[in-house]
Amino acid sequence: MNDRSLLPRGLIKELEARFEGYSWEIVKSSSKRSVYHLIREGYPGIYLKVCHPGGFFQRIRNLVFPRTRIEANMLNKLASKGIAVAEVLGHFRCGTSSAIAVREVEGNRLLISFERDFQERVLFSVTRDFLERGFVHHDLHPGNILIDENSNYVLIDCYEVRNKSSVGVSNRVRSFASAAAVFGTSMPALKTLIPDESEGTHRAVVEMAGNIRRKRVERWIRRSLLDGSFSRIENNADYQAVVKREETPDLKKIIDIHGKNLSKGSNLLKVQEKTQVSIAGEYCVKSYKSSPLFLEPYARRSWKGSLVLMFNGFRVAEPVACIVFRDRSSMLVSRKLDYPQLDRILDSGGLTETERKTLAGTIGRTVGMMHMSGIFHADMKACNIFMDTERNEAVFIDTDRVVQSSRVSRKKRLRNLMQIGLSIPRRFAMESGRDMIDAYAALTGDDAQYLIDELKRRMKGKEVIYTTENGDRFEIF
């Protein structure tokens, strides 16, 4: 695939003349920027990053201050200071469009493809290297760092890099916070990753990282509802759909299958007045009734809730498409989960004591990380938590009331813990509840005994409801 329809003809001619004999493959493209991989047998590969803004003011800005020229100059400056970057081969202009060509890094592999711990260590190592040389990078993430054949890092995107005559405490906090925001790095982890920084710096980094991450996720979610790098828009007379770009679902067929499931009463997971859930091949389809006129369609809320979790590093039933019909009814299409629900795992009674403790710790840490990230899931029942037992990870569904804010109040945090406690077998809550709360409190800084006493007080005498292979089961806590 070598589509170059968005590029000016003059720019294409200049680039083809400069890189004669190379074949073009498009890597990614949006309405503003495109990236191409140029290949020629026996020669190192080349990457072209082309800026071709569509809006009037963006075009004027790129005419006066070409984005790619700024990046090319910074790459050269970083290289002169001993920072490993992609080698600049040239910069090109044609009207309001511009392009930068860099040599492909041999044996390259994006940092994002490595294990999380390695990504985190490299990210903080790169940040320290920048600060020591008088630079700050405000958009450093694993997607713009390559690991070469010698396991060394190479930076490939530096538009957000700034050279400082003096690097102060605020620059250090902002830079480390940008790195910490990628993973929601905790205070204990920060003390290991940047041990030379003060306690005050660690606290400031954690606080700023939370704000950066939240704003970044909000921006990504807004973009997900537009045609771009994450999503594409499908319109017809019946509906408008936002589809995850790498997915190719046959939406009309999925809608038809879901309708037949409802009419025949087959392949159903849930049928209520507001929502109906069924299986359509490899997909799970959740339809919603029409939303009130001035409220957001329910499926769009669920799409955004799923992305809040996903963009913060939590696993969800992978969102595939969000469909809004003309009558404001809506539908969320996600990948079908083949994992068991938490309550059913616990009801099976097949866990050893060690497995129970491990599972309780996983749930406690996961919910703790969500709350520390400012995320509140309003329906945190065990039937909405699936467990990938091989990876010992929780996977969440029912996300139409998932929100992220600067902090989750103690009242809401207790509510989530109660929801879990009242939706699992009582015997498990009594046997391993302490393990869950200990793991939770280790992240949130709460007093574990206080939480246990408060939860017991609030839950005493309340009804416990959980699902089993033989239907719902009821107990009194």
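A charge is said to sit over a ring if NZ of Lys or CZ of Arg is within 6 Å of the ring centre and within 35 degrees of the ring normal. In this structure, the charged end of lysine 412 sits over the ring of phenylalanine 376, 5.2 Å from its centre, and the charged end of arginine 67 sits over the ring of tyrosine 159, 3.8 Å from its centre. The model is predicted, with local features needing pLDDT of at least 70 and side-chain atom pairs counting only at pLDDT 80 or more, while totals for chains, interfaces and linings use all residues. Residues are numbered from 1 along each chain as its sequence is written, and side-chain values use heavy atoms, leaving out hydrogens and water.

**Aromatic pairs**

- Rings of Phe, Tyr and Trp (its six-membered ring) pair if their centres lie within 6.5 Å, and planes under 30 degrees apart count as stacked, over 60 as edge-to-face and the rest as tilted.
- By this rule there are 13 aromatic pairs, among them the tilted pair of phenylalanine 114 and phenylalanine 118, with 5.0 Å centre to centre and 40° between the planes.
- Phenylalanine 230 and tryptophan 303 form an edge-to-face pair, 6.4 Å centre to centre with 75° between the planes.
- Because phenylalanine 230 lies in the loop between helix H7 (199-224) and strand E11 (231-235), and tryptophan 303 in helix H9 (residues 298-311), this pair ties together parts that are 73 residues apart in sequence; helices (H or I, at least four residues) and strands (E, at least two) are DSSP runs, numbered from the N terminus.

**Aromatic cluster**

- Phe19, Tyr22, Tyr43 and Phe92 form one aromatic cluster.
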